[in-house]
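Look at the sequence and the model first.

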Amino acid sequence: MQYNQLGESDLKVSEICLGTMTYGRQNTIEEAHQQLDYAIAQGVNFIDAAEMYPVPASAETYGATEKFIGEWLKHQQRDKLIVATKIAGPGRGFQWLRGGAEAIDRDNIKQAVDDSLKRLQTDYIDLFQIHWPDRYVPRFGQTVFDPTQVKPSTPIVEQLEAFADVIQAGKIRYLGLSNETPWGVTQFSNVAKQLGLPKVVSIQNAYNLLNRVFDGALAEAVYYENIGLLAYSPLAFGLLTGKYLNGKPEKARFSLFENFGQRYFKPKVSEAVAAYVDIAKRHQLSPAQLALAFVRSRWFVASTIIGATTLEQLKENLESVNVVLDKDILEELDDVHAQSPNPAQMLKLVVLGLVDGVWQYQHKLLLL
């Protein structure tokens, strides 16, 4: 296991981060603790959560993930671990979250931090992230910015001032962004530098073989602002394992939650997945390890966030740290990408369902 400096912080995070969004829904507390124990034994020192986890989010399970982690964390040597969590933003209609108060303003930031500290049973959070922006942005698979959707939002300076207070109080150490845009990255950085406020050290965005949008303007932004990417969905909700090529396996995420992860139900996704799986097989790699090794190979990735519902999946994913892709394999991956660039980011079509192992679509373009 290698460890990388996270932005301008003093945090050295393991190149693999343990994602926990299944804890409390697909995983019991016993399974969660088994995964945590195993990951830490393999050198992982970085754990990522969120106040709204597990997902799909609901009033009944809200906060369960952090509670599961907290019951484990209270028995650990706290200073050896880097714990990250997130505050949910507006626009998702979660009326059960903080009484429906969604703005990322001073009151909500303070309450979200205090509530997460209580559930995690810790005195401080190493990395506290804005799960998605307070302002309107295209997110979670959306591709088009629509000016008519712009609404009043909490100014970035006010957000940073509120975070400065909880950092000064010792409740969180560093601030990160998530599902952010190049404009947002530069605005947060510039405001922080101009006013002496906390500078963000990380950004957690989706990045995988089906979605390499980060390679462009976002990569430029994090390069100049010295911000590390925490890449989530490196397996594209499990699609890049190839397990959905011939149907939907029992107990798999898309089998349990049909409307979850719609961002990946798009034309050319299956075609691209099949091509990547073929490359993995020809080089005696598992598709999952190929996909994870690719993400790990990117210069802007500080840590790759993996999630698993079984210990066997977790073991396979963690073994990917031993896989280093050579130039020839990377060129093969680039060739597939050139033929089908970012298929998970195309404008979405209406999904009709899985028929004889093939996704069927109604060819009507929608603005996501």
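Predicted model: local features only at pLDDT ≥ 70, side-chain atom pairs only at ≥ 80, totals over all residues.

Residues are numbered from 1 along each chain as its sequence is written, and side-chain values use heavy atoms, with hydrogens and water left out.

**Helices α1 and α10**
- Helix α1 (residues 29-41) packs with helix α10 (residues 311-318) at an angle of about 20°, and their axes are 10 Å apart.
- That angle makes α1 roughly parallel to α10 (angles under 35 degrees count as such).
- The residues Q34, Q35, Y38 and A39 of α1 meet L311, L314, K315 and L318 of α10, where contact means heavy atoms within 4.5 Å.
- By class, this contact of α1 with α10 has five nonpolar, two polar and one charged residues (Ala, Val, Leu, Ile, Met, Phe, Trp, Tyr, Cys and Pro count as nonpolar, Asp, Glu, Lys and Arg as charged, and the others, Gly among them, as polar).

**Helix α4**
- Buried residues (under 20% relative accessible area, 1.4 Å probe, protein chains only) of α4 are I156, Q159, L160, A162, F163, A164 and V166.
- These buried residues of α4 pack against α3 (106-120), β6 (125-130), β7 (172-178) and α5 (182-195).
- After α4 comes G170, which has a positive phi near 80°.

**Residue L239**
- L239 lies in the loop between β9 (228-232) and α7 (253-256).
- L239 counts as buried because its relative accessibility is 7%.
- L239 and L210 are 29 residues apart in sequence, and their C-alpha atoms are 9.3 Å apart in space.

Note on methods:
Axes fitted to C-alpha atoms, helices over the stretch in contact; angles between N-to-C directions. Helix = DSSP H or I, 4+ residues; strand = E, 2+ residues; numbered from the N terminus. Parallel < 35°, antiparallel > 145°, perpendicular 65-115°, else oblique. Buried < 20%, exposed > 50% of the residue type's maximum accessible area, 1.4 Å probe, protein only.
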